[in-house]
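Here are a few friendly notes to read alongside the model.

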Amino acid sequence: MSDDAELAVIRRAQNGDARAFEALVDEYQGVLYNLALRMTGSGEDARDLTQTVFLKVWRNLASYDPRHRFYSWVYRIMLNESLNFVQRRRKHSELDERMPSSDAEPDDEAHASEITQHIQGALMELTPEYREVIVLRHFQQLAYQEIAELLSIPEKTVKSRLYSARQLLGARLRQRGITSA
Amino acid sequence: MIDEAFDALAHAVLDGNATPQQRATLDARLASDPAARERWLDFETTHTTLARVRNVEPPLDLKPAIMRAVHADRQSSATGHFEGARERIGRAIGLRLASAFAIGAVAGILIWPLVANRGDLRNLPTSGTMMPEPGTATIDRLSLAAGTSTLMIELVAMPKGIAARMETNAGGTAEIVIEHDATLTAESVREIEGRPLRVALTTGTIGLEFAGEMRCTVLLKGAKAAKRPMRVTLRSGGMTSRGELNRSSQ
């Protein structure tokens, strides 16, 4: 969808057009679901979060400012929801944040391959701050500047955080035997 | 010796952000520094490993679940939502009407003798909170299609009148004309969502022009309103479709 076409769809959705909103769901459900999946490590939680986020987007469409990019707006809502969710989970359950969630069954589509499970496991061992820059750069393919905009931090901070996150992740992967020492 | 400058250079190359000169600098460093080569290999391996993670398709039932939630939210907060939409559209209509009024005042002087016998053309109030009350009975329904447009209209019984709820969709622009018994009075058009281009009432006639999707409810008051027949015409793309409501009551 081009920017102009997307803006037209957003405007229709802002006027209560559910079909237009459905087009936005088509456009963004994949990226938002994957973002939530990598942040939480659970397909089931990612599904619930994606649904919650779209409902929030629907309810708050009137407050969306078209001068900003729509994807930044929805990404930010998803990131906030995911981080809040991870914090709540850490606070209210006995689950160790450093372990993949119990929802991560082997037959879960999100964890179809063993290698992906290990990478996801290593990712979950990072702090949410490091995890989000890895997810945004490597799985969402965002540029440094886009990440900076999204997280409201300087580009320089994005780079340094990303470099540190990669090194920590690399060490975790080596410990898991995914990569050689 | 490994330093921050080397790390930045290595990450820039791996992220595809390095200039040819930076790549050459890195190559030279790797050729002469075994520790740098080892560190580069670690970075490269992490990159390659992360690249093996593929995005997955969301569950098939996700989108239907989202849309169900949206529709449920829309229904539960219909009044508030309609208020917002109505306010926005009402403002837009207000501006249009202000312009139209100025033009119309001049035009009216010129064409008044031609239209004087066709009844009063009134602008409709587009604000208010009247919703068909829960439990009100549906009297009749009609679906029409013409050209690139469709119209669904439902008549609902209201205290002292009826509400005609319309859902329309036009590929370009379309016009709806509802001819009703002259004893009925069209009170207002409410719950407007979408782009009405023109809303006009003459005695016994409701005229709506719109583009794209539009929903609205017209309130008609009068004695035995639920038993009065109505003729509905949809015009779009050079095509016309007609139908009747309350036909059985004729």
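1. What percentage of the 250 residues in chain B are buried? Buried residues account for 28% of chain B. Please keep in mind as you read that this is a predicted model.

2. Along the sequence they run in the order α-α-α-α-α-β-β-β-β-β-β-β. If you take the contacts in chain B between residues at least 6 apart in sequence, 61% of them join residues at least 24 apart.

3. Now look at where the two chains meet. Chain A gives 36 residues to this contact, and chain B gives 32 residues. On the side of chain B that touches chain A, at least two residues each come from helices H1 (4-14), H3 (34-50), H4 (62-76) and H5 (78-115) and from strands S4 (185-202) and S5 (205-221) of chain B. H4(B) supplies the largest share of that side, 10 residues. By class, the side of chain B that touches chain A holds 13 nonpolar, 10 polar and nine charged residues.

4. Helix H2 of chain A (residues 18-40) and H4(B) have axes that come within 10 Å and cross at roughly 135°.

5. Sorted by class, the contact of H2(A) with H4(B) has eight nonpolar, two polar and three charged residues.

6. In soluble globular proteins, nonpolar side chains tend to be buried together. The largest nonpolar core here has 49 residues, and Leu32(A), Ala36(A) and Met78(A) touch the most other members. H2(A) provides the largest share of this core, 10 residues. If you set aside neighbours within four places in sequence, Met78(A) is in contact with Leu32(A), Leu35(A), Ala36(A) and Val53(A). Another core, of 35 residues, lies apart from the largest one. Its members include Ile139(B), Ile162(B), Ala174(B) and Met214(B).

Definitions and conventions
Residues numbered from 1 in each chain as written. Chains lettered and ligands numbered in written order. Predicted model: local features only at pLDDT ≥ 70, side-chain atom pairs only at ≥ 80, totals over all residues. Contact = placed C-beta atoms within 7 Å. Helix = DSSP H or I, 4+ residues; strand = E, 2+ residues; numbered from the N terminus. Nonpolar A, V, L, I, M, F, W, Y, C, P; charged D, E, K, R; others polar. Axes fitted to C-alpha atoms, helices over the stretch in contact; angles between N-to-C directions. Buried ≥ 20, exposed ≤ 12 C-beta atoms within 10 Å, placed from the backbone. Core = buried A, V, L, I, M, F, W, Y, C linked by C-beta atoms within 7 Å.
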